[in-house]
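Here's a quick briefing to read with the model open beside you.

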Amino acid sequence: MYNVSVSPHIRAKNSTQKMMFDVAIALIPTLGFGVYNFGLKALLLIVLSIASCVASEALFELIMKKDLTIFDGSALVTGMILALNLPPTVAWYMPILGGIFAIIVAKMLFGGLGQNFMNPALAGRCFLVISFGTAMNNFTTDLYTGATPLSMIKAGESVDLLTLFIGKHGGCIGEVSAAAILVGFAYLLIRKVISARIPVTYVLSTIVFIAIINLAKGNELTVEYLLGNVLSGGLLAGAVFMATDYVTSPITIKGQYVYGVVLGLLTALFRVVGKSAEGVSYAIIISNLLVPMIEKMTLPKPFGSERSFKEKFRAKKGESK
């Protein structure tokens with residue numbers, strides 16, 4: 001006797017909860033280094049960001065009488081990524097406001113997980129940058145004063161690449177240590193949570209476009225300048241933890257490469273041509289909006305599908321000859 005049921009008939013072993021908790025584990029090294037680098041204030045901001053995201057999602061679903069989804073880990077990851085993008089000097093209430101905006105406005109009002117059209121954590125960060133521009137660009141602490149390494153690079157000053165790789169410098173909580181980010185990247189690759197297509201294409205495209213734009217402007221180009229752009233700022237963190245978001249990145253393989261190139265182009269334009277030294281957050285959000293078009297253009301052609309009008313016309317033309 002056969003039982004007929006709706007699809008899917010074959011299910012993967014992975015689940016949303018497993019993948020989200022894998023991402024959370026991958027974020028621990030970079031956030032942990034941020035706490036080590038900036039102190040307990042950074043830990044407080046991380047806790048407030050996570051608590052705000054989880055509580056916002058739970059309260060929204062209770063008020064709207066929906067099933068609780070906080071146990072799938074997505075709100076936890078959103079809170080961690082939002083905290084990753086915060087300077088350690090911001091006021092305690094800012095991660096709370098950012099978390100509320102990220103979950104309520106950028107996620108839940110669009111239908112929840114899987115329905116949001118842009119990365120919620122980055123939407124929360126951009127909301128905070130627009131609302132508290134001065135505070136979100138203040139990286140001066142007791143240990144680190146002056147401009148960030150990325151600002152120094154943009155101004156043409158030299159930086160120590162080893163210091164950038166380790167992360168003993170000012171910046172946002174979770175973006176300072178390239179080494180810690182790469183540890184998380186390796187973990188996600190080993191666990192097969194993400195592929196290397198988007199992160200590698202993004203980083204390489206950024207290097208190529210930064211080089212092209214600088215050469216077009218007649219600027220001097222050095223290896224230190226290019227590597228400095230990779231190791232400083234939010235490029236690596238954005239490439240590994242934000243650009244690879246399942247919901248807001250293309251599902252087609254060709255689309256993922258195109259997406260990475262678009263990200264690299266926008267980041268290079270923001271960094272070299274724009275007034276600000278950084279541009280990763282806005283590059284990812286703008287690229288998120290282009291994902292439906294990228295997917296439509298890169299959909300694979302089904303085997304045995306009906307030929308297009310042009311193909312039929314060419315075939316008939318060939319037969320007539």
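Predicted model: local features only at pLDDT ≥ 70, side-chain atom pairs only at ≥ 80, totals over all residues.

Residues are numbered from 1 along each chain as its sequence is written, and side-chain values use heavy atoms, with hydrogens and water left out.

**Helix α4**

- Helix α4 covers residues 93-105, which makes 13 residues; helices here are DSSP runs (H or I, at least four residues), numbered from the N terminus.
- From first C-alpha to last, α4 reaches 18 Å, close to the 18 Å expected at 1.5 Å a residue; the expected span is 1.5 Å times one less than the number of residues.
- M94, P95, G98, G99, A102 and I103 are the buried residues of α4, where buried means under 20% relative accessible area, exposed over 50% and partly exposed in between (1.4 Å probe, protein chains only).
- Look down the axis of α4 and its buried residues fall within an arc of 150 degrees, so they line one face of the helix; the arc is that of the directions from the helix axis to the C-beta atoms.
- As background, an α-helix has 3.6 residues a turn, so residues three or four places apart point the same way.
- The buried residues of α4 pack against α2 (40-63), α3 (74-84), α5 (120-131) and α6 (133-136), with contact meaning heavy atoms within 4.5 Å.

**Helix α10**

- Helix α10 takes in residues 197-216, 20 residues in all, and its 28 Å from first C-alpha to last is close to the 28 Å expected.
- Its buried residues are I198, P199, T201, Y202, V203, S205, T206, I210, A211, I213 and N214.
- Those buried residues of α10 pack against α9 (178-190), α11 (223-231), α12 (235-242), α13 (253-273) and α14 (280-297).
- Just after α10 comes G218, with a positive phi of about 80 degrees.

**Nonpolar cores**

- The largest nonpolar core has 73 residues, and L27, L188, Y202, F241, Y259 and I284 touch the most other members; a core is a set of buried Ala, Val, Leu, Ile, Met, Phe, Trp, Tyr and Cys residues joined through side-chain atoms within 4.5 Å.
- Helix α1 (residues 16-38) supplies the largest share of this core, nine residues.
- Setting aside residues up to four places away in sequence, Y202 touches L235, G238, A239, A243, G260, L263, G264, T267, V280, A283 and I284.
- There's also a second, separate core of five residues, and C53, F60, A75 and M108 are among them.

**Cysteines**

- How many disulfides does the structure hold? It holds zero, a disulfide being a pair of cysteine sulfur atoms within 2.5 Å.
- C53 has its closest cysteine sulfur in C126, and at 14 Å that is too far for a bond; C53 is buried at 0% relative accessibility.
- For C126, the closest cysteine sulfur is 12 Å off in C172, again too far for a bond, and C126 is buried at 7%.

**Aromatic pairs**

- The structure holds six aromatic pairs: rings of Phe, Tyr and Trp (its six-membered ring) pair if their centres lie within 6.5 Å, and planes under 30 degrees apart count as stacked, over 60 as edge-to-face and the rest as tilted.
- W92 and Y93 are edge-to-face, 5.8 Å centre to centre with 85 degrees between the planes.
- W92 is exposed at 53%, while Y93 is partly exposed at 36%.
- F101 and F127 are stacked, at 4.4 Å centre to centre and 5 degrees between the planes.
- F101 is partly exposed at 23%, and F127 is partly exposed at 27%.
- Ring pairs also join W92, Y93 and F132 into a cluster.

**Loop residues**

- T141 sits in the loop between α6 and α7 (149-154) and is buried, at 18% relative accessible area.
- Neighbours within four places in sequence aside, T141 is in contact with F38, P88 and T89.
- K65, in the loop between α2 and α3, has a positive phi near 55 degrees despite being a residue other than glycine, and K65 is exposed at 77%.
- K192, in the loop between α9 and α10, is another residue other than glycine with a positive phi, near 60 degrees, and K192 is exposed at 69%.

Methods
Helix = DSSP H or I, 4+ residues; strand = E, 2+ residues; numbered from the N terminus.
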